[in-house]
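Dear colleague,

Here is the structure I promised to pass on to you. Please look it over with the notes below at hand.

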Amino acid sequence: MKRIRMFLFFLLAVLLPGTVLAAPDIRVVDGWVRAMPPVAKNSAGYLVIENHGEHDDVLLGASVDGARLTELHEMVSTGATMAMRRRQDVAVAAGSSVVLAPGGLHLMLIGLQRPLVAGEQREAVLRFRDAGEQRVILDVRAP
Amino acid sequence: MPENVPPRHTLRHVALVLVGIVALSLLMWAPLSPAPGDGPQDAPAAGLPPPPPANSLPVVAALGGDFRLPSTRGGELALADLRGKVVLLNFGFTQCPDVCPMVLTRLGNVLRELEKQGIDMARVQPLFVTFDPERDSLAHLGEYLAYFHPSLVGLRGDDAQTRDVARQYKVVYVAQDAGSEAGYVFQHSDFIYVIDTWGRVRLLVGGKDPDVALVEAVKRLLSEGDRER
């Protein structure tokens, strides 16, 4: 009995800080989305994901208010051309940060439901494997 | 052109990529020296264009030439109609989320900068050719482009016309399935072609070149044009 209690206590001691601290380990900063002509169907969002924790995490997906759906995409330069690829996820290693920026990784906003007007803001949710859902505000601005 | 393999969009342009890649690598190795007899096919009948001053931007003889395409301003527009103007030519598609709007934004910034410097904007013409005629109607293109700068004129040919002008300018564009819900996207080159008052390509500006390169090129070519008038 005592052993089991000891074990449970030990388990709690190990797991609790982990779960409590997991969320703030991931910080999303400098988020913005490109203002586009009202007739545009798609746009792109950019941000920096910082992982201050000791465990790797993975960005699994995102949704941005006012876009029918949002995918993770990456521009790859082949020298003479730029190619776009869809990414299923984006790893954010412990103690590092990942930059989503023009000409590279980005959130692809598909099917804009209302115009992205410079100066406004959009709410977005990023889904991480471990950190779960993170709400962020994206500034709408001209590139 | 192989017709027997399925992904239609991709194959339609595979040949173009190959041509494009070869052409671009040629450009990189043997650029900028005007090869005699290999100039743009559109030398005006009324006298040959003067050679550029020795210290100026050389003619990019390996590509370019006249074209005539349906325009967002109604009717058709030919490059030859724009003699006496410096033309900034770019290719793209309006569903492009990242690269094309960046290029168009910088084009808008460059035009505003030229305006601020007192350049006669009636002598500068920005053009945008879509290589996605299937999804970009002229009306849509016109509304889209006006957002970036009111003087931008959009051009949209049919598939064959688009292929021809892309070949002339060695533009690489390949429709590809990126696995996206957005449908097909294009792998493409993103140069801005700076064309002088005689319709000759004088500079290719890529994504990494600064805006000032464009501003200075336009001013230089306009002043050359002044001397020839």
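What follows is an account of the side-chain interactions and nonpolar cores.

Please keep in mind that this is a predicted model, in which local features need pLDDT of at least 70 and side-chain atom pairs count only at pLDDT 80 or more, while totals for chains, interfaces and linings use all residues. Residues are numbered from 1 along each chain as its sequence is written, chains are lettered from A and ligands numbered from 1 in the order in which they are written, and side-chain values use heavy atoms, with hydrogens and water left out.

Salt bridges

Over all chains there are 14 salt bridges, the term standing for a side-chain nitrogen of Lys or Arg within 4 Å of a carboxyl oxygen of Asp or Glu. One of them joins A:Glu71 and A:Arg86, with 3.4 Å from N to O. This pair links distant parts of chain A, 15 residues apart, since A:Glu71 belongs to strand β4 (residues 67-77) and A:Arg86 to strand β5 (residues 82-87); helices (H or I, at least four residues) and strands (E, at least two) are DSSP runs, numbered from the N terminus. A:Glu71 is buried at a relative accessible area of 2%, whereas A:Arg86 is partly exposed at 30%, where buried means under 20% relative accessible area, exposed over 50% and partly exposed in between, with a 1.4 Å probe and protein chains only.

In chain B, a salt bridge of 3.5 Å, N to O, connects B:Lys116 with B:Glu113, and both residues lie in helix α2 (residues 99-116), 3 residues apart, which is about one turn of the helix. B:Lys116 is exposed, with a relative accessible area of 69%, while B:Glu113 is partly exposed, at 26%.

B:Arg135 and B:Asp132 form another salt bridge, their closest N and O atoms being 2.8 Å apart, and both of these residues are buried. Elsewhere, salt bridges that share partners join B:Asp196, B:Arg200, B:Arg202 and B:Glu224 into one network.

Aromatic rings

B:Arg135 also lies over the face of B:Tyr184, at 3.8 Å from the ring centre; a charge sits over a ring if NZ of Lys or CZ of Arg is within 6 Å of the ring centre and within 35 degrees of the ring normal.

The whole structure holds 14 aromatic pairs, meaning rings of Phe, Tyr and Trp (its six-membered ring) with centres within 6.5 Å, counted as stacked if the planes are under 30 degrees apart, edge-to-face if over 60, and tilted for the rest. Among them is the stacked pair of B:Phe131 and B:Tyr173, at 4.9 Å centre to centre and 10° between the planes. Both B:Phe131 and B:Tyr173 are buried.

Nonpolar cores

The largest nonpolar core has 68 residues, and those touching the most other members are B:Phe67, B:Leu88, B:Leu89, B:Phe91, B:Leu127, B:Tyr169 and B:Tyr193; such a core is a set of buried Ala, Val, Leu, Ile, Met, Phe, Trp, Tyr and Cys residues joined through side-chain atoms within 4.5 Å. Its largest share, 8 residues, comes from α2(B). A second, separate core of 26 residues includes A:Val64, A:Leu72, A:Val98 and A:Val136.

With best wishes
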